[in-house]
There are 4 protein chains.
Amino acid sequence: MQEYILKISTKDAKGLIYNISKVLFANNLNIEQNAEYVDPETKEFFMRTIISGKVMQTILLKELKEVLPLGSNITLNQNKRKDVVLLATKESHVLGDLLIRYSSNELNANIKAVIANHEDLRSLVEKFDIPFFCISATNLTKEEHEKLVSQKIDEFNPELIVLAKYMRILSSSFVEKYCGKVLNIHHSFLPAFIGANPYKQAFERGVKIIGATAHYVTNDLDEGPIIYQDVVRVDHSYSWEEMRNAGRNVEKVVLSNAFELLLNDKVFIHRNKTVIL
Amino acid sequence: MQEYILKISTKDAKGLIYNISKVLFANNLNIEQNAEYVDPETKEFFMRTIISGKVMQTILLKELKEVLPLGSNITLNQNKRKDVVLLATKESHVLGDLLIRYSSNELNANIKAVIANHEDLRSLVEKFDIPFFCISATNLTKEEHEKLVSQKIDEFNPELIVLAKYMRILSSSFVEKYCGKVLNIHHSFLPAFIGANPYKQAFERGVKIIGATAHYVTNDLDEGPIIYQDVVRVDHSYSWEEMRNAGRNVEKVVLSNAFELLLNDKVFIHRNKTVIL
Amino acid sequence: MQEYILKISTKDAKGLIYNISKVLFANNLNIEQNAEYVDPETKEFFMRTIISGKVMQTILLKELKEVLPLGSNITLNQNKRKDVVLLATKESHVLGDLLIRYSSNELNANIKAVIANHEDLRSLVEKFDIPFFCISATNLTKEEHEKLVSQKIDEFNPELIVLAKYMRILSSSFVEKYCGKVLNIHHSFLPAFIGANPYKQAFERGVKIIGATAHYVTNDLDEGPIIYQDVVRVDHSYSWEEMRNAGRNVEKVVLSNAFELLLNDKVFIHRNKTVIL
Amino acid sequence: MQEYILKISTKDAKGLIYNISKVLFANNLNIEQNAEYVDPETKEFFMRTIISGKVMQTILLKELKEVLPLGSNITLNQNKRKDVVLLATKESHVLGDLLIRYSSNELNANIKAVIANHEDLRSLVEKFDIPFFCISATNLTKEEHEKLVSQKIDEFNPELIVLAKYMRILSSSFVEKYCGKVLNIHHSFLPAFIGANPYKQAFERGVKIIGATAHYVTNDLDEGPIIYQDVVRVDHSYSWEEMRNAGRNVEKVVLSNAFELLLNDKVFIHRNKTVIL
C-alpha cells in the first residue's frame with residue numbers, strides 16, 4: 001500500500017483540523033504521521049500528514065478543497081524518491097559528498113544529471129554513472145547561458161534543483177521559473193558574511209565559530225528562506241584556508257540535512273522564512 | 001480568556017484526530033497549538049493541544065472520554081505557573097541557578113519551598129525569600145527521613161519536585177508516591193558513567209566530550225526516562241575538577257531546559273522513554 | 001609558593017623561546033604550563049607561561065627585557081583573583097548569573113562593586129552583599145555621566161570591567177582610558193545582527209541558529225576583538241521573545257566563559273582579534 | 001625548504017624547554033609552531049614542534065638525545081603525506097566518505113590500498129583507482145586470516161591503518177604488531193553503548209543525543225585511547241534506523257577529524273588517553 005504526503009497551507013480558521021480529518025476519515029485513510037503549526041503572527045496554518053490506504057488523488061483533492069478556504073495551497077505527493085538535477089562549477093567537495101551519499105543509497109532521490117559551467121567535475125561525476133553536461137558560459141550572455149541550462153534541466157523535469165557550489169548568480173527569470181525548487185548552500189552562517197569570500201571575511205573579523213546555511217534561492221542573493229544551518233568552532237590558529245576546510249565539513253552536513261528535509265516534503269515557504277514539520 | 005493544555009495518550013485507532021477535533025469544534029474551542037505523535041512500534045498515540053475559548057472542564061473531559069478508547073490518559077491543565085518544591089543537599093550551583101532564574105522571572109513556576117538534608121544552603125535560599133527547611137538524616141533510618149521529607153513536601157502540594165543535586169537515593173515507595181513528578185539532573189551523559197563521581201570516571205577514561213542528563217526519577221537509579229541532554233567539549237588539559245566545572249554549566253542548562261518542558265506540559269512518559277511534543 | 005603568569009607578545013625572531021627559557025632556567029624557576037603561538041601572517045609571537053619558584057619580579061622583568069626585542073609587551077601577574085567592577089542597566093539575567101556564580105565560588109574574581117544607571121537591580125545586588133551604586137544619566141550629558149561612572153570605577157581600581165548588559169554606548173575617551181580591560185556581551189552571533197534588537201532581527205530573517213558574542217570593547221560598537229561565541233538552535237515556532245529567552249542562556253554561558261579566560265590571563269589582543277593560549 | 005615535525009615525550013624536568021630550544025637554536029633551525037603540555041598528575045612532558053631550516057636528522061636526534069632524560073620518546077618526521085591502508089567490510093558510508101575526500105584532495109595522505117573481508121566494496125573502491133584486495137575469512141581461523149591481512153598490509157608499509165567500519169575483532173598479536181598505528185571509528189559516544197548494535201541500544205534507552213568516537217585500537221575492544229568525539233541531537237520520533245542514519249554523518253566527521261590529527265602528527269598516546277597538541 002502506497003503512502004502519500006499531504007501538505008496544506010492556508011489561513012487559519014476554526015475547525016480546520018476537524019474538517020480535514022473528517023475528509024480523511026470518510027475516505028477510510030490512515031494518518032501515519034501528522035504535524036500542524038499556526039503562525040501566531042500571520043495566522044497562517046500549516047499541516048503535513050502522511051496518509052496510507054487506498055488514496056484516490058483526484059477525489060481526495062476535490063473533497064479537501066471543498067472544506068478549505070479559497071486560495072489554500074494543497075499538495076499531495078506519493079512518498080517516493082524525487083527526481084533531482086545538480087548544478088555545479090569547479091569545486092568538488094559538496095558535489096562529491098552528494099554523489100557518494102547517493103551511491104551509498106543515503107539519499108531518497110534520483111540524481112538525473114549534473115550540469116556544470118566547466119569541465120573539471122566530469123570525471124568525478126562519470127565515476128558514478130551519472131550524466132554530466134558541461135554548458136560553458138564563455139562567449140554567451142547570461143540570458144543565453146541560462147536558456148541553455150534551463151533547456152537541459154527541463155529535459156529531466158526535476159522536482160528539485162540543487163546548487164552544489166554553482167558559482168553563478170541566477171537571473172530573476174530563472175529563479176522565478178523554478179521558484180520553490182532550488183536549494184543552495186551558502187558557505188557562511190547567514191546573515192553574517194554575505195557575498196564573496198565569506199571565509200576570508202570570517203578570518204578578518206576573528207570570529208570563533210563559522211557556519212554554513214542552506215536556503216531556497218530567491219531573487220535576493222543570499223537572502224532566500226533559510227532551511228538549515230550549522231556551525232563549527234575555530235580559533236586564532238586557523239588561517240582562512242583552514243577555516244574554509246573546517247567549513248567544508250559543515251557545508252556538506254548542512255546541505256545534506258536540508259536536502260533530506262526537501263526530499264521528505266517537510267518544508268513550507270512562508271514569506272521569507274521556512275516552516276519545517 | 002484562559003488557555004488550557006490538553007494531553008492525551010492512548011492506543012492509536014483510525015479517526016482519533018477526527019473524533020477529538022470534533023469534540024473541540026462542537027465545544028466551540030480554538031486550537032492554538034497542536035502536535036501529535038504515533039509510536040510506530042507500540043502504536044501508542046500522543047497528542048498535546050493548547051485550546052482557548054470557554055472551557056468547561058468536566059463536560060469537555062466527559063465528551064472526550066466518550067470518543068476515546070477505554071484506558072486513555074487524558075489531562076486538562078490550565079496554562080499557568082506550576083507549584084514546585086526543590087530538594088537539595090550541599091552543592092549550590094544548580095540550586096543557585098534555579099533561584100536566580102526564578103528571581104529574574106525566567107521560570108513559569110512558583111517555588112514554594114526548598115528542602116535539604118543539610119543546613120549549608122539556607123542563607124542562599126533565604127536571600128530569595130523562599131522557605132528553607134533542613135531535614136537532617138542524622139540518626140534516622142532512610143524510611144524515617146523520607147517520611148519527614150514527604151510530609152514537608154505534601155504541605156505544599158507541588159505539581160513538580162526538582163532534585164537540584166539532592167544526593168540521597170530515594171526509596172521505591174517514595175518514588176512511587178511521586179511517580180511522574182520528580183525531575184533529576186545527573187552529572188553525566190547517561191548512560192555513560194552511571195553511579196558515583198562521573199567526572200572522575202570521565203577523566204579516567206579520557207573522553208573528549210562530557211555531558212549532563214535530566215530525567216524522571218524511577219526506581220532504577222539513573223535509569224529513568226531521559227528528558228534532555230547536552231554536552232560540552234573538553235581536552236587532555238582538563239583535570240577532573242575542571243571537567244566538573246565545565247560540566248556544571250551543562251548541568252544548569254540541561255536542568256533548566258528540562259524543567260521548562262515539564263512546566264509547559266510538553267513531556268509524556270512512554271515506557272522508559274519520553275515523547276516531547 | 002606563589003605562581004606567576006608571564007605573558008609576552010613581540011615580533012617573532014629566531015631563538016626567542018631559547019632566550020626566554022634561558023632566563024627562566026637561570027632564575028631557577030619551574031615552567032608549570034607553557035603555550036606559544038606565532039601568527040604566520042603578522043609574524044607576531046605570543047607566549048603565556050605559568051612559572052613557580054622564588055620569583056623576583058623586578059629582576060626577572062629586567063632580564064627578560066634584555067633578551068627580547070625592543071617594544072616587546074611583557075606582563076607578569078601573580079596567579080590570583082582579580083578585582084572586578086560590573087556595569088549594568090536594568091536587565092537581571094546576565095548580572096544575576098554572574099552574582100550567583102560568584103556566590104557559589106565559581107569565579108576567580110573579587111566583585112568590588114556594581115554600578116548601574118538605574119535603580120532596578122539594587123535589591124538583587126544587595127542580596128549578595130556587594131556594593132551597588134546607581135549613577136543616573138538623567139539630566140546629564142554623556143560626558144558628565146561617564147565622568148561620574150569613571151570616578152566610581154577608579155575608587156575600586158579594578159583590573160577588569162564587565163558590561164553585564166550595560167545599555168549605554170561608551171565614548172571614545174572612556175574606552176581608551178580602560179583599553180583592554182572592558183568585556184562586553186553582545187546578544188547576537190556577531191557579525192550577524194549588529195545594533196539594536198538582534199533577536200528581533202534574527203526572528204525577521206528566519207535563522208535556525210542564534211548566538212551570543214563576548215568581546216573587548218573598542219571604539220567601534222560591536223566591532224571589538226571577539227573572545228568567545230556560542231550558539232543554540234531555534235526553529236519556526238519561536239517568537240522573537242522565545243528566541244531572546246533561548247539566547248539568554250547562551251549569553252550567560254558565553255560571558256562566563258570569556259570572563260574566565262580573562263581572569264586567567266589567557267587572552268592576547270592582536271590587532272582586532274584575540275589570541276587565546 | 002622542508003619542514004619537520006618533532007615530537008618528544010619524556011619525564012618532566014627543570015630546563016627541558018631550555019635544553020631543547022638550545023639544540024634547535026644551535027642547529028640554526030626556525031621554530032614554526034610549538035606546543036607543550038605537562039600532565040600535572042603523571043609529570044609527563046609532551047612537545048610538538050614544527051621546525052624549518054636545514055635539518056640534519058641524525059645529528060639533530062643525537063644532540064636532542066644528549067640533553068633529554070634516558071628513555072625519552074623522540075620522533076622526527078618530515079611534514080608530508082603519510083602512506084595509509086584502509087580496512088573495511090561491507091558498509092560503504094565511512095569508506096566512501098574517505099575516498100571522496102581523498103579524491104577532492106582533502107586528506108594529507110596516500111591511500112595505498114583498501115583491504116576487505118568481503119567483495120561488496122570493490123566497485124566503489126575501484127572507481128577511485130585504488131587497489132582493492134578481498135581477503136575472505138571463510139574457512140580460515142582468525143589467526144590464518146589475520147596473517148594474510150597482515151602480509152597484504154605489510155606490502156604497502158603504511159604509517160597508519162584506518163578501520164573504516166572493519167567489523168572483525170582484532171587479535172592481541174595483530175594489535176601489538178601495529179601498536180599506535182591503528183585508528184578505529186566506533187558508532188557510539190563511548191563509553192556509552194559498548195559492544196554490538198549501539199544505535200539499537202541508544203534507541204532502547206531513549207537518549208536525546210547520539211555520537212561517535214574515534215580511538216586507537218588496543219587489546220580491549222572499544223577501550224583504546226580516545227582521539228575525537230562528536231554528537232548529534234535526536235528525539236523520540238527517530239526509529240533506530242534513523243538514529244543510525246543520523247549517526248553516520250557524525251561517524252564520518254569524527255573519523256575524518258581524528259584522521260587529520262594523526263596525519264599531522266598531533267596525537268600522543270599517554271597511558272590510555274591521548275594528548276593532542
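Modeller: What follows is a set of questions about this predicted model, each answered from a value and the cut-off it is set against.

Colleague: What makes up chain A in terms of helices and strands?

Modeller: Chain A holds eight helices and 13 strands. Its C-alpha trace spans about 60 × 40 × 35 Å along the principal axes.

Colleague: How do you know that the radius of gyration of chain A agrees with that of a compact globule?

Modeller: A compact globule of 277 residues would have a radius of gyration near 19 Å, and chain A has 21 Å, so the two agree. Buried residues make up 57% of chain A. As for contacts between residues at least 6 apart in sequence, 67% join residues at least 24 apart.

Colleague: Why is the pair A:Asp265 and A:Lys82 called a salt bridge?

Modeller: The closest N and O atoms of A:Asp265 and A:Lys82 are 3.0 Å apart. The cut-off is 4 Å, so the pair counts as a salt bridge. Side chains of opposite charge can pair when their charged atoms come close.

Colleague: What does the pair A:Asp265 and A:Lys82 tie together?

Modeller: A:Asp265 lies in the loop between α8 and β12 of chain A and A:Lys82 lies in strand β5, so the pair ties together parts that are 183 residues apart in sequence. Both A:Asp265 and A:Lys82 are buried.

Colleague: Which chains does the salt bridge of B:Lys252 and C:Glu106 cross between?

Modeller: The closest N and O atoms of B:Lys252 and C:Glu106 are 3.1 Å apart. This pair crosses between chains, from helix α8 of chain B to the loop between α3 and β6 of chain C.

Colleague: Why is B:Lys252 called buried, and what is C:Glu106 called?

Modeller: B:Lys252 has a relative accessible area of 4%, and buried means under 20%, so B:Lys252 is buried. C:Glu106 has 24%, which falls between the limits of 20% and 50%, so C:Glu106 is partly exposed.

Colleague: Where do D:Asp97 and D:Arg101 lie?

Modeller: They both lie in helix α3 of chain D, four residues apart, about one turn of the helix. The side chains of D:Asp97 and D:Arg101 meet in a salt bridge at 2.8 Å, N to O. D:Asp97 and D:Arg101 are both buried. Salt bridges that share partners also join A:Asp97, A:Arg101, A:Glu106 and D:Lys252 into one network. Over all chains, the structure holds 56 salt bridges.

Colleague: Why is α3(C) said to be largely enclosed by the rest of the structure?

Modeller: Nine of the 11 residues of α3(C) are buried, so this helix is largely enclosed. Among the buried residues are C:His93, C:Leu95, C:Asp97 and C:Arg101. After α3(C) comes C:Asn105, whose phi is positive, near 65°.

Colleague: How do you know that B:Leu24 is buried?

Modeller: The relative accessible area of B:Leu24 is 1%, against a limit of 20%, so B:Leu24 counts as buried. B:Leu24 lies in helix α1 of chain B.

Colleague: Which residues does B:Leu24 touch, not counting those up to four places away in sequence?

Modeller: B:Leu24 touches B:Leu6, B:Leu29, B:Ile31, B:Thr49, B:Ile51 and B:Leu60. B:Ile51 is 27 residues from B:Leu24 in sequence, and their C-alpha atoms are 8.4 Å apart.

Colleague: What makes A:Asn157 exposed?

Modeller: Exposed means over 50%, and A:Asn157 has 60% relative accessibility, so A:Asn157 counts as exposed. A:Asn157 is in the loop between α5 and β8 of chain A. Its phi is positive, about 45°, although A:Asn157 is not a glycine.

Colleague: Why is D:Asp129 called exposed?

Modeller: D:Asp129 has a relative accessible area of 67%, and the limit is 50%, so D:Asp129 is exposed. D:Asp129 is in the loop between α4 and β7 of chain D. Phi of D:Asp129 is near 55°, a positive value in a residue other than glycine.

Key: Residues numbered from 1 in each chain as written. Chains lettered and ligands numbered in written order. Predicted model: local features only at pLDDT ≥ 70, side-chain atom pairs only at ≥ 80, totals over all residues. Heavy atoms only, no water. Helix = DSSP H or I, 4+ residues; strand = E, 2+ residues; numbered from the N terminus. Rg over C-alpha atoms; globule rule 2.2 N^0.38 Å. Buried < 20%, exposed > 50% of the residue type's maximum accessible area, 1.4 Å probe, protein only. Contact = heavy atoms within 4.5 Å.
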